[in-house]
Amino acid sequence: MARLALVPPGWEHEEQVMAYRQAFFEAGSDFDGCAGLNKTETYAEWLDFEGRLSRKYGADYVPSRVFLAMRDEQLVGMLDIRTALSEFLLRFGGNIGYSVLPKERGQGYAGEMLALALEKCRDLGMDKVLVTCDPENIPSAKTIRANGGVLENEVEDTVGLTKSGVIQRYWITL
C-alpha cells in the first residue's frame, strides 16, 4: 500500500512548501525537482512555473509537471517531471528530478516517489525516461537502479550541478 500521494501544488500547500524551502536552505541541500523553489521569494512567484521558467529558459524551455509527495496531508518530498528533453536536459538533467525533506530522508520515500513518477510518465505516454545523479549520492543512485535504471554513462558536469563534477545518466524503460 502506497504511503505517499503525488498531488499538484495548490494554495493550500503554501505554508508547507515555504517551510520545505527553508529546511533545504538550513540543511544546505540541493533543490532537485523543486522547479526553482530556491530561486523564488514568494509562493505566488514559485507557483507560476510555466511563466517563470519559460521566461528564464526561452526557446530551451521544456514543459514540466510539478508534484508534491504527501503523506497524510504532510509534505515529505517534491518532484518535477519534464515531458521532453532539451539538449541541456538530455546531457545533464533528465526527465525527473526529486528531493525529500531532510528530516524525512532514509525512510524509502525517494524510491516510492520515483515509482509514482514513473506511473505518471506512463500515463503521459512516455516510453523511457532519463534520471541523473551525482555518483557521490549513493542513496540516489540506488533509488534509480531499484526503479529499473540502467547506467548509460557518466559525463563531466560542466554546468556545476554536482559536488563531484560528474553526472551519472540512467535510463528507465517504462
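**Exercises: salt bridges and a sheet**

At 60% relative accessibility, Glu-41 counts as exposed, since exposed means over 50%, buried under 20% and partly exposed in between (1.4 Å probe, protein chains only). The model is predicted: local features need pLDDT of at least 70, side-chain atom pairs count only at pLDDT 80 or more, and totals for chains, interfaces and linings use all residues. Residues are numbered from 1 along each chain as its sequence is written, and side-chain values use heavy atoms, without hydrogens and water.

**Exercise 1.** Find the salt bridge partner of Glu-41 and say what the pair ties together.

Step 1. A salt bridge puts a side-chain nitrogen of Lys or Arg within 4 Å of a carboxyl oxygen of Asp or Glu.
Step 2. Arg-21 pairs with Glu-41, with the closest N and O atoms 3.8 Å apart.
Step 3. Arg-21 sits in helix H1 (residues 14-27) and Glu-41 in the loop between H1 and helix H2 (43-47), so the pair ties together parts 20 residues apart in sequence.
Step 4. Arg-21 counts as buried, at 11% relative accessibility.

**Exercise 2.** Classify Lys-163 and Asp-30, which form a salt bridge, as buried, partly exposed or exposed.

Step 1. Their closest N and O atoms are 3.8 Å apart.
Step 2. Lys-163 is exposed at 67% relative accessibility.
Step 3. Asp-30 is partly exposed at 39%.

**Exercise 3.** State the strand order of the open sheet of 4 strands.

Step 1. Strands are DSSP runs (E, at least two residues), helices likewise (H or I, at least four), numbered from the N terminus. Two strands pair if DSSP finds at least two bridges between them.
Step 2. The order is E1-E2-E3-E4, with antiparallel pairing.
Step 3. E1 (5-7) and E4 (96-100) stand at the edges, each with a single partner strand.
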